[in-house]
Amino acid sequence: MKQSKIKFIGALALAALMASCGSLDKMKEAAKDIKYQVTPEVLETHKGQVAMSLKATVPAKVWDKKVSAEVTPVLVYEGGETAYPSITIFGEALTGNGQKVSYTNGGQVSYPEQSVEFNDKMRVSDLIVKIKFMKGDDELEVTTVDLAMGPNGDGAIAKGVIATSLLLAEEKPVAVIGKDAFQRIINEDQSAELVYLINKADIRNGELKKEDVKAINDYIEAVKAAENKNLKDVVVSAYASPDGALSLNENLAKNREKSAQSYIEKQLKKAKAEANVVAKNTPEDWEGFKAAMEKSDIQDKDLILRVLSMYTDNDVRETEIKKLGTAFKVIADEILPSLRRAQITVNAELIGKSDEEIKNLATSDPAQLNVEELLYAAKLFSDDKAKEAKCYEAAASQFPNDWRTINNKGVVAYENGDVAAAKALFEKAEALKAAPQVENNLGVVALANKDYAAAKEYFGKAAGVGSELDQNLGVCALMEGDYEKAETYFGATISCNAALVKILLDKQDAALSNLNANTLETGFKYYLKAICGANKGEGDLMYENLRKACNLDSKWKAYAKKDAEFIKYFNDATFKSIVD
């Protein structure tokens, strides 16, 4: 009896096991009838993530009441796969944390939007679904590949990942140089002042012995002798103080003008120098009087200045000031004598080195150039990056305390792709001076390292850099996936990145208009135009521009072969002829 009982119990267990396995096998077969809808139809990467959601429609009479399942979408690509988070589905007789499906009516399962980190291999990938059915202690795993599901019967419910948002790397954020202050012609001047006695216009011998008068004479001779200087002109400005009758002051001012002009013309002749002498006079020097009063500590100074501001009639001014008695005597003794004068200014030009001289010295003997000339030389070599870099290297070596030299050396490193070296140089430049250009460049480095918070902080301190700042802020917003903000920053610019944002906002016509206005002949520009053609469903537009892009830069052939933007054309003969 015992043995029979054991056999009976064993038979029941085996029957239950077979029934359970049979249920799971039926679920596997029934799973072929589940319909999947993926959003978006072709996956895309934004901000370095690939987001997707899906809906699965389960027919009636399919889902066993006592079966649960763990459902996992998976991106499969060459050399690996990346799984999205799993969800759980329950038959109606079960309880748990998940979605239920009715056996009688079937139902729809919603997979909420989830993201995985993008890698470049995902551009050519299949989105499949792995399902692990469970009933009691039994499990059965199946995939949409096993079931030959999907439009092509290969198990893929979606194909490829569009990575257009990452194309901004083709047009990098802009690092800016510290500009030179080089001037080919630098204006110079030397001045002297002749002071006259009251009511006199003759030049006293003592005035001619003053240091500034001797210096102006020496300057004329030095300019005449110098090969890199030219005399421009000499300006004589003669004055009379504002006291006394106007007619007397007019004559005094004119005569002082003549005496000063005659003196400087003799000095020019003596030095055998030629220069146009421009002479003028001011009969009553009220402006000079006001300036002298403001600098003085005379009693009633404020009252006198108030008189000057209250009255515009010069006679009234003089009358009111003379009423001040003692104060006027101090003015007559301390202020007015210095206003009886003639000022002589010699204007000259310092003529700098020619472009050819600067270029030759920059390559042969950079030590002969000053910092402005070296920075200017780099600009002259803008079409020869190697020589441009050498100019900045020499400038940084010879003038290490000038932030521009260190910053500009960092710009070269950044443009050569050495972000770490650029960062170190920009930080060194910032220690010398936190100039807006340096802050911008540190922001650019932060962008390269995907530190968006730091980038925005640096850009916030870079006001005044110019249009490059808006472009960089646009790139920052683009990288963060905020395309509307990026479009605002780019504004009316016709850069490729500005067009890229419009493509991502599905403004294909606006992007095309932008690209058509862009005069650069780059593969990137035409590749973006090809994407516009694909998105608009205009094959001829796509073919024409893809062909141009590949002809200008062959790298676009390999890229286009794996670009899901063109997934509908992958088997097209014309497309293949362009990219193969």
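Which residues have the most contacts inside the largest nonpolar core? They are Trp63, Phe133, Tyr527, Leu546 and Phe566, in a core of 110 residues. Here a nonpolar core is a set of buried Ala, Val, Leu, Ile, Met, Phe, Trp, Tyr and Cys residues joined through side-chain atoms within 4.5 Å, with buried meaning under 20% relative accessible area (1.4 Å probe, protein chains only).

This is a predicted model, where local features need pLDDT of at least 70, side-chain atom pairs count only at pLDDT 80 or more, and totals for chains, interfaces and linings use all residues. Numbering runs from 1 along each chain as its sequence is written, and side-chain values use heavy atoms, leaving out hydrogens and water.

Another core, of 23 residues, lies apart and includes Ile220, Val223, Leu231 and Ala238.

Now the pockets. On a 1 Å grid over the protein atoms alone, where a 1.4 Å probe fits, a pocket is an open set of points with protein on both sides within 12 Å along at least five of seven lines; lining residues have an atom within 4 Å of a point. Volume is the space filled by probe spheres set on the points, with grid points joined across faces, edges and corners.

| Pocket | Volume | Nearest its centre |
|---|---|---|
| Largest | about 610 Å³ | Val42, Ile162, Asn535, Ala564, Glu565 |

Technical notes
Buried means under 20% relative accessible area, exposed over 50%, partly exposed in between (1.4 Å probe, protein chains only).
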